[in-house]
Amino acid sequence: MSIALLPAVQAFFQRDHGLFVDGRAQPASGGRHLEVIDPASGEVISRVGEASASDIDAVVASSRQGFAQWSQAAPAVRGSVLLKLADLIEQHCEELAQIETCQSGKLIQISRHFEVTQAAHFLRYYAGWATKINGQTITPSLPSFNGERYSAFTLREPVGVVVGIVPWNFSTMIAIWKLASALVTGCSVIIKPSEFTPLTILRIAELAIDAGLPAGVLNVVTGAGGVGKALIEHPHTDKVSFTGSVPTGLAVGQTAMAANLTRATLELGGKNAAGFLPDVDVETAVNGIIEAGFLHSGQICAAAERFYVHRSQIDAITSRLSERLGQLKIGSPLDEASEFGPVTNKQHQAKLGQLFAKAREEGSRIIHGGKLIDGPGCYVEPTVILANSAKDSLMTEETFGPVATFLAYDDEEELVALMNDSPYGLSASLWTNDLGKAMRLIPQVKAGTLWVNMHTLLDPAVPFGGIKASGVGREFGDAFIEDYTELKSVMIRY
């Protein structure tokens with residue numbers, strides 16, 4: 001049985017949402033709106049305004065004023081505001097989780113414990129960096145002719161107005177990553193959420209004002225892709241941080257470079273690999289595959305889509321996996337008993353249907369699933385496919401859905417070659433009980449993040465980002481500081 005929506009959530013959905021600018025909700029000037037649709041039911045749950053060109057000018061002007069104030073705030077003040085926002089997010093956890101589930105189709109338990117709670121956890125981690133962003137002192141080796149001496153030091157200064165473009169799969173958590181990176185370094189930030197999932201960040205922006213963030217430091221601009229492009233091209237924005245698909249990311253990067261060399265951090269997707277050595281038993285492997293490929297219906301940029309299993313085990317593992325997937329309770333994401341929910345929108349559901357058709361045309365063996373589920377909502381069967389070769393479409397094209405495609409290998413050398421046979425390199429995982437083998441294989445696998453005996457889970461202390469076509473720059477750890485600050489060198493002769 002589905003949980004009842006909180007009165008606060010019902011009231012929030014009934015509001016005529018516009019933009020969030022200068023510390024308050026404001027209508028979009030053009031009068032155009034986008035519908036927000038519940039992917040579990042196909043029903044419209046709310047509307048948001050679509051920003052016009054004049055709206056974008058106004059929000060950038062607001063952000064520049066916000067930057068002038070926030071960049072001068074004491075580091076401890078910045079950290080304190082982020083900590084207060086983390087507290088407020090936790091206090092409103094159920095409200096935010098329900099909004100997130102209704103707009104994205106994410107299981108309510110994942111929204112509560114993985115998205116909203118983790119967003120607060122990440123905020124507290126970033127807050128700790130506020131007082132630890134430092135430069136260096138340097139002794140130059142310049143020659144002295146008349147007894148003069150030299151000293152030098154470096155400063156880390158905020159880059160300015162940041163545009164954070166957020167995808168629809170984790171609209172709360174990824175927005176937090178971007179706004180926290182910007183705010184803790186002294187930047188102001190404009191969040192442009194996906195048109196499919198714009199609601200949670202609008203509510204979080206209100207909470208940020210309650211936490212003491214000055215007006216104009218965090219603004220939210222809603223609309224379709226053209227809004228993001230206009231923000232990147234604006235002459236008074238300084239950086240873009242984008243998370244999303246590889247094709248869109250390439251376009252974002254090209255737009256940023258053409259717009260007066262606007263700095264860009266790109267965290268893109270790919271075709272992530274998971275390799276299982278034959279010392280892993282069948283049940284452990286199946287548990288790992290479900291973790292790696294089926295959380296949130298596979299709609300995670302770091303999720304595994306290519307699975308490599310030793311030839312001696314592939315039949316047993318795919319058979320047991322199919323059995324386990326067939327036992328999942330597919331249902332409403334607001335039902336706490338549901339184990340598998342919808343994908344986030346009709347366009348994505350249709351894309352997955354096209355990929356299933358392509359797999360059948362190529363003669364790939366669909367062992368389980370491979371169909372869209374009839375009825376209201378955007379449901380897709382969890383799917384297991386056995387590929388004919390590494391060149392099959394389902395081994396090369398990103399599905400971003402609940403689809404695990406398998407290929408057998410015969411030895412470790414072949415396994416590594418198969419895992420690396422991709423233009424992408426966001427993440428990968430190795431599964432083995434042999435620590436020595438794992439340590440020898442780790443340097444050979446080409447990925448920005450490599451898990452051993454786990455997949456998908458992220459920690460704010462561990463840098464995250466891709467190599468090859470999977471992105472530029474890093475989130476988390478202290479790696480983000482370089483992307484959100486400019487390094488100024490100062491030399492003094494005395």
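Predicted model: local features only at pLDDT ≥ 70, side-chain atom pairs only at ≥ 80, totals over all residues.
Visitor: Which strands stand at the edges of the open sheet of three strands?

Guide: The strand order in this open sheet is β6-β7-β23, and the pairing is antiparallel. A strand with a single partner has one side left without a neighbour in the sheet, so the edges are held by β6 (137-138) and β23 (485-493).

Visitor: Which residue in β23 does E157 stand opposite?

Guide: Strand β7 covers residues 150-158. Nine bridges join β7 to β23, and the two run antiparallel. Within this pairing, the residue opposite E157 is E486.

Visitor: Is E267 buried or exposed?

Guide: The unreviewed UniProt entry places the feature "active site" at E267, a residue located in strand β12 (residues 263-268). Its relative accessible area is 3%. Because buried means under 20%, E267 is classed as buried.

Visitor: With which residues is E267 in contact, leaving aside its neighbours within four places in sequence?

Guide: E267 belongs to strand β12, and contact here requires heavy atoms within 4.5 Å. With those sequence neighbours left aside, the residues in contact with E267 are W177, F242, T243, G244, C301, L426, F464, S470 and E475.

Visitor: What is the relative accessible area of V452?

Guide: V452 lies in strand β20 (residues 449-452). Together with L435, M439 and I442, V452 forms a nonpolar patch on the surface, with about 360 Å² of accessible area together. Residues of such a patch have over 30% relative accessible area, and V452 is partly exposed, with a value of 31%.

Technical notes: Residues numbered from 1 in each chain as written. Heavy atoms only, no water. Pairing = 2+ DSSP bridges. Helix = DSSP H or I, 4+ residues; strand = E, 2+ residues; numbered from the N terminus. UniProt positions renumbered as here; feature names shortened; annotations may be inferred. Buried < 20%, exposed > 50% of the residue type's maximum accessible area, 1.4 Å probe, protein only. Patch = residues over 30% accessible without salt bridge, like charges linked within 9 Å, V, L, I, M, F, W, Y side chains within 5 Å. Areas by Shrake-Rupley, 256 points an atom, 1.4 Å probe, with all protein chains shown as cover. Salt bridge = Lys/Arg side-chain N within 4 Å of Asp/Glu carboxyl O.
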